[in-house]
Amino acid sequence: MGSPWKPFLLLSVISGLSDFARAVAARPISYAAVLRMKADRSSSVLSPRSIPRQHSSGGLATPDWPAFSSHPLSALSLLSSQEDYRSEESEEFGPVFIQEPDDAIFPLDSDEKKVVMHCEARGNPPPTYSWYINGTEVDSDADYRYSFIDGNLIIANASEITDFGKYQCKAVNSFGTVLSRDALLQFAYLRAFSPKTRGGVSVREGQGVVLICTPPPHSPEIIYSWVFNEFPSFVAEDSRRFISQDTGNLYISKVQPSDVGSYICLVKNTVTNAKVLSPPTPLTLKTDGVMGEYEPKIEVHFPTSVLAAKGVIVRLECFALGNPVPTITWRKINGNIPKKARLRKSQAVLEIPNIQLEDSGTYECKAENPRGGTAFKGHLQVYTLPQWVRMINDTQMDSGEKLQWECKATGRPRPTYRWLRNGLPLTPQGRLEIVNGELTVHKVQQTDSGMYQCVAENKYGAIYSNAELKILGRHELLRVIATLGKDVSLECKPRASPKPRITWKRGDRRIQIMLLRNNTLKIVNSSRADEGNYVCRAENQLGSAEMTAILWVKEAMRVVLSPSRVEVTVGESVVLSCKATHDTSLDVAFQWFFNQRPINFQHDGGHFEYIQTQSSTVDLMIRSILLKHAGKYGCRAQTSADTVFAEAELLVRGPPGPPGVVIVEEITDTTATLSWTRGLDNHSPISTYNLQARSPFSLGWQTVKTDPDPVTGDLESAMAVELNPWVEYEFRVVASNAIGTGDPSAPSRGVRTKEAVPSVAPANVSGGNGRRHELVISWEEFQNGEGFGYIVAFRANGTRGWKEKMVTSADSTMYKYRDETFPPLTPFEVKVGVYNNKGDGPFSKVVIIHSAEGGELIFVDFKGTEGIVSYWKDMEQEESGKKQRTVKNETSMGPASAAVTAKTRKAPPAQSPTNLMWIQEGNNVSLSWDPVKAKDNESDVIGYMVMTLWKNIKQSTCHNQVTRTINPSTMLSLPEGGTYIIEVRALSEGGEGAVSSQVRVVTSSGKLGAGFSPLTTSEIQSLCTGCVLFVAILSPALN
């Protein structure tokens, strides 16, 4: 069969060449189109487009129809004139991006309340646009906040909750569809710190400390700094102090007295420059001693695995606590630290600019001081985004030829590839093969025309290479396949100038019915009778040509997707089968969709598998189903004549979703009433709720007892019981059903239970050490309620009465008692109790603690049965020192040990307080005395101890009240009805001084008569061994 285009007018070769020469100068594409050059179908050197394709160097465009020609140089194809209706500007081609959307960060406090995401593409016909947010198409009709200006997306009143995510622009015209790269829209904000008062931090001098910043919600990154006492006095970083830009915390390796004060964390948003200040954190020093030297402990360090993009600046942090202040050193395992690296912040930060692949490796930071050292290692890995090595170009081919495209990219990790045609994923099937970055289409057809995109991606990014494929019709015939009962259009778009006149005919009969303005012939409700040859004839004064289209009408395709509705449980698998019934002369292609979006089997291969069972049947295997897989699954079957879509619904039963916001409705000392809202039951009724709590004293989240127990699934409130008083709790709720236990709710706000009488005694009561004549008692800190304190009770082993001391500081963990009457290493029975404003709590178990050995004694421990201990003063020689022999035997004397230095203290003042004077007003006594001045060989006076005693001779009981003061005066409050004896002693580092003379005071209703007698010193010492000790000026009521 000859060419469908019949020549109407023979033109001279010379005239054609002349016209051709002019045409080539203006439109080089025409030459390629007319001569049908087959040497290089994918040549990219000739292009009518001023804008190249994204990531491409341009491409060759071809006309939709073959040139009108009975001669290879047809004037209808080549002539140009003012009437040319298909000039270079009207050359038709698919969309080409001029501008794609970029990542953006929008400040929420910006005066400009609109976000603009840019997108622009060139094409002929001009493309139309649509946008996707996180894979969902933007519907401007459903949400007034979205609008379009050209290709740009305008978002009014942007919100992080609804608008944060990945954006993609789609450009479409009649030649195909292209998708832009993803653009991430973020929102910049910086909330305020919680106004809740922060607790103070108390440490010993020389101890390390970490002050926690706990930044407020923010986006994106923030910069941390700390204010000392008041703004703008900033903490200066040095070898002892470090501010981590990862955690935001302030680290002080060794606390000094100058560090005492108030610390405020200041954070600054890197985008908006907004700043907020935290509530102050007080730092104080404990008074129970100075921390000795200890080896370093690395408190903040870089992760064990650090990922960094090539070309960025990498900062590795490493800082340690220790006494003395540790020094930080760095090294690279099996290599050298790059020369470009710099050490910042007293070597606590290793900074590597312009990171490259060769900088990858294991880095170690080491912290050392004279007490020891410790090290940390982490691996730095540099990644790169994909970069093109080979891209695809626009290509035109004849029907039946084989298309081979290859795209190749570098990157770390190595990129993977996927292919799109007109914005939809391509999968290997039938004539189409995909092997990584290679795409092969055998025997291309008109239906293969369109816009193709090769996507190279790794976990850090994706790049697109775009190209258009045009399939040229052969000269013989144009075949059109229609579906029975549907409309079909036959297009006729010849290239000619002057503009030709178009006529259609079928056989010998001319057709004029349903001829559209663009010369397209439309056949409505096609039937078998419409099959046959249709001829389009184009003619002008220079000639004519014809095109023949053969129309076949096929039965409509039917698709059955089974099962149409299926219920499964999380973890199970299911198979959906899609079967197409169609004309066997046509090939069918299938595509699977999930919630209207094509399934990407390369990305979702862990759960989805495409299975071709027969030529007309495909299965979708869904493995290890998760809750997110619930939804509608679609199967689209497509032939050259028809496209049919069917859907099935998949319901997934699983553990419940997290309950809604948890609210603490009421709080008592041991209970908390909680309420919440129901979460999703995920198609299985909720059976029970589990209430969990977290406190500073718990190891993570713990299940709490409830009322009612159990909390059934129909409830939305319950009471947590058996909580500890005066403890700050957070609560959350977990739902369970027959399938399993779901995710927990978000934590509630922190609340503190009410105070109550303490029910728990202090733990780990111990002691020892101290100075001569001292009993040192320590315990673990425990707080409960306002007015909390400790009651320390002790007595010499074997005695009856307990001495008691009230320690009013809730932060105290130690008490020292001094009495020169007991010898060193005297055993004491000790117990520690607790109290608060609500009452007294229990005592701990009784433990045995020995008093101090004494600063003036030297104890020598050695093996053997005999020894001689020599001791002498610093200014003396060893030979002049005194000697003390231990247990004796008959053996000879061995060599001497190394000398040990011990320092004794000066004796307490020998002078007693004199000239005691008092003024009595009722039960109050104002007492004063002359100050005691220590001699040169005596310890300095640091205060006074006033002891008040009351004795009942008949009952053989006495009470002892001690008051300490740094002044030579005090005020005593004595209960009614008693006779009291008052003595005063001076206090010094060497111990208690001599006792003053006694003062006797009688309060109202007290009688110095029957049953009472003055107390002698020996009586005081003998009778008050078991006296009850009261703090400050409190005294027991008389019986």
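1. Let's start with the pairing around V559: this residue stands opposite A580, which belongs to β47. The two strands concerned, β45 and β47, run antiparallel and are joined by five bridges. Please keep in mind throughout that this is a predicted model.

2. That pair is part of something wider. Four strands form an open sheet in the order β45-β47-β51-β50, and the pairing is antiparallel. Its edges are β45, covering 558-562, and β50, covering 608-614, each of which pairs on one side only. From one strand to the next, the twist averages 20 degrees.

3. Staying with β47 (574-581), have a look at the loop that links it to β46 (565-569), where V570 is placed. How exposed is V570? Its relative accessibility is 31%, so it counts as partly exposed; the band for that label lies between under 20% for buried and over 50% for exposed.

4. Together with L626, L627 and I739 it makes a nonpolar patch of about 250 Å².

5. One runs from R412 to P413, with omega near 5 degrees. P413 sits in the loop between β31 (408-412) and β32 (416-421).

6. Another cis peptide bond leads from D707 to P708, and here omega is near 5 degrees. Where is P708 placed? It is in the loop that connects β58 (705-707) with β59 (711-712).

7. On to backbone torsions. D150 is not a glycine, yet its phi is positive, at about 55 degrees. This residue lies in the loop between β7 (146-149) and β8 (152-156). Buried or exposed, which is D150? With a relative accessible area of 70%, D150 is exposed, because the cut-off for that label is over 50%.

8. You will find H683 in the loop running from β55 (672-675) to β56 (686-694). The relative accessibility of H683 is 45%, so this residue counts as partly exposed.

Terms used. Residues numbered from 1 in each chain as written. Predicted model: local features only at pLDDT ≥ 70, side-chain atom pairs only at ≥ 80, totals over all residues. Heavy atoms only, no water. Patch = residues over 30% accessible without salt bridge, like charges linked within 9 Å, V, L, I, M, F, W, Y side chains within 5 Å. Areas by Shrake-Rupley, 256 points an atom, 1.4 Å probe, with all protein chains shown as cover. Salt bridge = Lys/Arg side-chain N within 4 Å of Asp/Glu carboxyl O. Buried < 20%, exposed > 50% of the residue type's maximum accessible area, 1.4 Å probe, protein only. Pairing = 2+ DSSP bridges. Axes fitted to C-alpha atoms, helices over the stretch in contact; angles between N-to-C directions.
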